[in-house]
Amino acid sequence: MQVADHRPLWQTYLLFLAPMVLSNFLQSMSGTVNSIYIGQMLGTQALAAVSGMFPVVFFFIALVIGLGAGAGVLIGQAWGAREPHMVKAIAGATLLLGVVIGLLAAVLGSVFARQALTGLGTPADVLDDAVAYAHVMLWILPSLLVFVLFTQLLRGVSDTLSPLLALMVSTCVGLALTPALIRGWFGLPQLGIQSAAYAGLAGNLSAMAWLAWRLIRKGHPLAPDREFFAALRLDGAILGKVLRIGLPTGVQMIVLSLSELVILALVNQHGSQATAAYGAVTQIVNYVQFPALSIAITASILGAQAIGAGRLERMGPILRTGLVINVCLTGGLIVLGYLLSHWLLGLFLTDDSTRAMAEHLLHIMLWSLLVFGFQAIIGGIMRASGTVLVPVVIAIICVVGVQLPAAYWLDGQFGLQGVWMAFPVAYLGMLVLQTLYYKLVWRHQKIERLV
């Protein structure tokens, strides 16, 4: 599905979007079920021990997602220009860098796992279990990073179905093996807290083997054939461009996650009811944000393909179509969120007063996710040309310089609901600044291929 495709843009968007949204849903569901397995079958302490590794793993996943975003733009441009050899060269260099990052993380992380977990404040009563889990998790990190990275690269050639199917394989294997390894079913060893990590490794390896078979059978441009393996080299020129686009995106993800921790600390001051309400609202917000972010990724890839094909006149229609789909898809989910908020929050909260609090907080900020989607799509279009630093800086400034100070000030003025008022303030700031940069600067720049 290249830019030369004559189907209407909205159809291209939806064909691209549907598998991506389902993939996001599947990933969220997988994490939730795994947490239930560990908490119910091994206890609360085991869940606490596993949770201690999340910030470490997220750091490397954020870095790799950044690399994938940069490589995805370059692959999109090369694919739009119908240069499959360049597609393989970009993918090969990026994947090899991902392997190197994973191996370095495994070696250094294993050596300093105890110190890192102690520094993150892991409770002393679960520290030994957390370190044992960390050692296994870090050694399987290279396979996890390669899997995450490769599925991102596939989207650069408009293939979102293969990543979805591969994720289904990985999820099914992982979710089936985790309880079997915890209990030692079917003659398998009882691996305790390490069960989820080993099950995840088996899932990743199974998914990658299945993915290789599928891509080779279909003659896919990113099939692991002889030409693909020949492209596995650290090409400095290509990686320089990948890092220039990708690193700011990875940094943005890390900053956003750290800001969420600050917001959570602010919420925690209002007591356990407020914390429970925060958790429930965040679950619902995530399912609305995912489609908005997927539309932005789609706009970026389609824009990159248009640039590669030399069809710059399509950039405007791609942006407008993305904004309209955001109104329909994200807007529709927001309406459902308002209409069904009482029922949805009841899935997570049983206490009536806590549910009422969560419903009030959700109603304050849910509408602003439409604004969040608009600014993300505008940023995605600019990223298609390699313009990433300014949009990322705008997002970081609005979170660190607007949202967090506003949350503290509004908390003092209005209490807990003031914390949630800060989200729309930040998103509106992002939209205004992204739009101004797009209209006053980016549209007047000369757009050229990066590869």
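This is a predicted model: local features need pLDDT of at least 70, side-chain atom pairs count only at pLDDT 80 or more; totals for chains, interfaces and linings use all residues.
Residues are numbered from 1 along each chain as its sequence is written. Local features need pLDDT of at least 70, side-chain atom pairs count only at pLDDT 80 or more, totals for chains, interfaces and linings use all residues, and side-chain values use heavy atoms, without hydrogens and water.

**Exercise 1.** Work out how the rings of tyrosine 278 and tryptophan 420 are arranged.

Solution. Start with the total: the structure holds seven aromatic pairs (Phe, Tyr or Trp rings, the six-membered one for Trp, with centres within 6.5 Å; planes under 30 degrees apart are stacked, over 60 edge-to-face, the rest tilted). Next, take the rings of tyrosine 278 and tryptophan 420: their centres are 5.8 Å apart and their planes at 50°, so this pair is tilted. Then place them in the chain: tyrosine 278 sits in helix H11 (residues 272–308) and tryptophan 420 in helix H17 (residues 416–440), 142 residues apart (helices are DSSP runs of H or I, at least four residues, numbered from the N terminus).

**Exercise 2.** Find which residues touch leucine 222, leaving aside neighbours within four places in sequence.

Solution. Contact means heavy atoms within 4.5 Å. Going through the chain, leucine 222 meets Val87, Lys88, Ala91, Phe150, Leu153, Leu154, Val157, Leu215 and Phe228.

**One more look.** Phenylalanine 112 lies in helix H4, and at 45% relative accessibility it counts as partly exposed.

Key:
Helices (H or I, at least four residues) and strands (E, at least two) are DSSP runs, numbered from the N terminus. Buried means under 20% relative accessible area, exposed over 50%, partly exposed in between (1.4 Å probe, protein chains only).
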